[in-house]
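Q: Please take me through reading this model, feature by feature. I would like the general idea each time and then the case at hand.

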Amino acid sequence: MRCAVLVFPGSNCDYDLYKAVNSVEGMKAEYVWYAGDSLKGFDAILLPGGFSYGDALRAGALAARAPILKALRQAADSGVRVLGICNGFQILTECGLLPGALHRNSGLRFICDTVSLQVANTATPFTSGYAERADIPVRFPIAHGEGNYTCDAETLHKLEDNGQIVFRYSGSNPNGSVDNIAGISNLAGNVLGMMPHPERAMTDWMGTSDGRILFESLRG
Amino acid sequence: MLKGIVTVSLKQDVLDPQGQAVQHSLQTLGFPEAQNVRIGKSIEVWLEESDSVKTEQRLKEMCDALLVNAVIEDYRFEIVEA
């Protein structure tokens with residue numbers, strides 16, 4: 001499985017993501033620079049965390065208008081799997097591939113922690129591997145200042161009805177997000193955005209290896 | 001040359017924790033009448049243009065294309081001589 005790891009100026013989890021993907025048997029990561037115009041031949045496209053464009057204007061706003069986004073939209077529309085992590089999630093909401101917006105944490109602080117999550121939908125190409133252990137929360141690191149997911153009541157209703165809420169914070173909510181949302185998908189289910197970092201949860205020495213199942217699910 | 005001054009604010013129903021923190025500080029400093037604080041931003045755009053009607057249209061397009069996230073933000077702008 002060929003995976004593109006998009007690299008924007010200011011991405012800083014691109015290498016982590018690259019290493020995580022390459023540590024999964026049958027997956028191969030390749031970097032794609034933001035100024036490119038093609039994502040042909042990739043089976044999955046991954047948007048890493050970081051601070052693209054230094055969070056100028058709004059987190060993810062400028063990356064969401066970068067040249068590679070045209071190819072990303074085409075790929076997403078044709079069903080290619082797209083995963084945005086942290087700043088990648090912010091980019092996906094800013095470019096409209098996912099609904100809603102991510103704004104300042106309710107407590108104003110940048111939070112760096114490991115949190116428990118409920119996998120709210122295991123019937124996605126990203127989370128099918130969690131089906132057998134759906135009742136057991138997974139533990140992923142988080143590191144963000146603007147992870148407070150918000151959307152209007154109608155959108156939230158649709159997200160709930162369509163099973164688009166994929167991850168919820170279980171226990172305490174670190175950032176004030178509506179309905180404890182930590183990750184959502186698009187209606188078709190092939191685009192997932194999430195604030196927690198599965199690529200930082202790949203082996204036991206990282207503190208948790210729960211993220212590996214996500215990449216293995218993606219590989220299929 | 002004209003200048004557009006775009007004022008971007010969070011929508012009324014979006015929580016503004018920064019504004020709340022500032023309001024709390026104002027109260028502590030002896031301004032109990034400060035009942036609510038909302039923080040936004042001001043964006044100035046200098047345009048190589050003298051037609052204010054055309055500028056208004058272009059500024060709207062800029063706001064929709066990039067400057068404002070309509071999911072959580074509102075905006076207004078004024079156009080002045082630069």
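Q: Which residue stands opposite A:Phe167 in β10(A)?
A: Strands are DSSP runs of E, at least two residues long, and helices are runs of H or I, at least four residues long, both numbered from the N terminus. Two strands pair if DSSP finds at least two bridges between them. In this predicted model, A:Phe167 stands opposite A:Gly183 of β10(A). Strand β9 (residues 165-169) of chain A pairs with β10(A) in the antiparallel sense, over three bridges.

Q: What is the bridge partner of A:Gly183 in β11(A)?
A: That partner is A:Met194. Strand β11 (residues 191-194) of chain A runs antiparallel to β10(A), and three bridges join them. The hairpin of these two strands has five residues between them, and A:Gly189 takes a positive phi near 90 degrees there.

Q: How many residues of strand β10 (residues 181-185) of chain A are buried?
A: Burial is a neighbour count: a residue is buried if 20 or more other C-beta atoms lie within 10 Å of its own, exposed if 12 or fewer, and partly exposed in between, with C-beta atoms placed from the backbone. For β10(A) the count is five of five, so the strand is mostly covered.

Q: Is A:Ala35 buried or exposed?
A: A:Ala35 has 11 other C-beta atoms within 10 Å, so it is exposed. It lies in the loop between β2 and β3 of chain A.

Q: Which residues does A:Ala35 touch, not counting those up to four places away in sequence?
A: A contact means that two C-beta atoms, placed from the backbone, lie within 7 Å. A:Ala35 touches A:Pro67 and A:Ile68 on that count. The C-alpha atoms of A:Ala35 and A:Pro67 are separated by 5.2 Å, although the residues are 32 apart along the chain.

Q: Which residues of helix α1 (residues 14-22) of chain A are buried?
A: They are A:Asp14, A:Leu17, A:Tyr18, A:Ala20 and A:Val21. Looking down the axis of α1(A), these residues fall within an arc of 165 degrees, so they line one face of the helix. The arc is that of the directions from the helix axis to the C-beta atoms. Packed against the buried residues of α1(A) are β1 (2-7), β2 (28-33), β3 (44-47) and α5 (212-219) of chain A.

Q: What pattern does chain B follow along the sequence?
A: Chain B reads β-α-β-α-β. Its radius of gyration, taken over C-alpha atoms, is 16 Å, well over the 12 Å that the globule rule gives for 82 residues, so chain B is more spread out than a compact globule. That rule is 2.2 Å times the number of residues to the power 0.38. The C-alpha trace of chain B spans about 45 × 25 × 15 Å along its principal axes, and buried residues make up 15% of the chain.

Q: How many residues of chain B are in contact with chain A?
A: Nine residues of chain B are in contact with twelve of chain A. Helix α1 (residues 17-28) of chain B gives the most to its side, with three residues.

Q: How far can the coordinates be read?
A: pLDDT is the predictor's confidence in each residue, from 0 to 100. Where pLDDT is low, the predicted coordinates should not be read in detail. Chain B averages 96, and 100% of its residues score at least 70. The model scores ipTM 0.87 and pTM 0.95.

Q: What conventions apply?
A: Residues are numbered from 1 along each chain as its sequence is written, while chains are lettered from A and ligands numbered from 1 in the order in which they are written. As this is a predicted model, local features need pLDDT of at least 70 and side-chain atom pairs count only at pLDDT 80 or more, whereas totals for chains, interfaces and linings use all residues.
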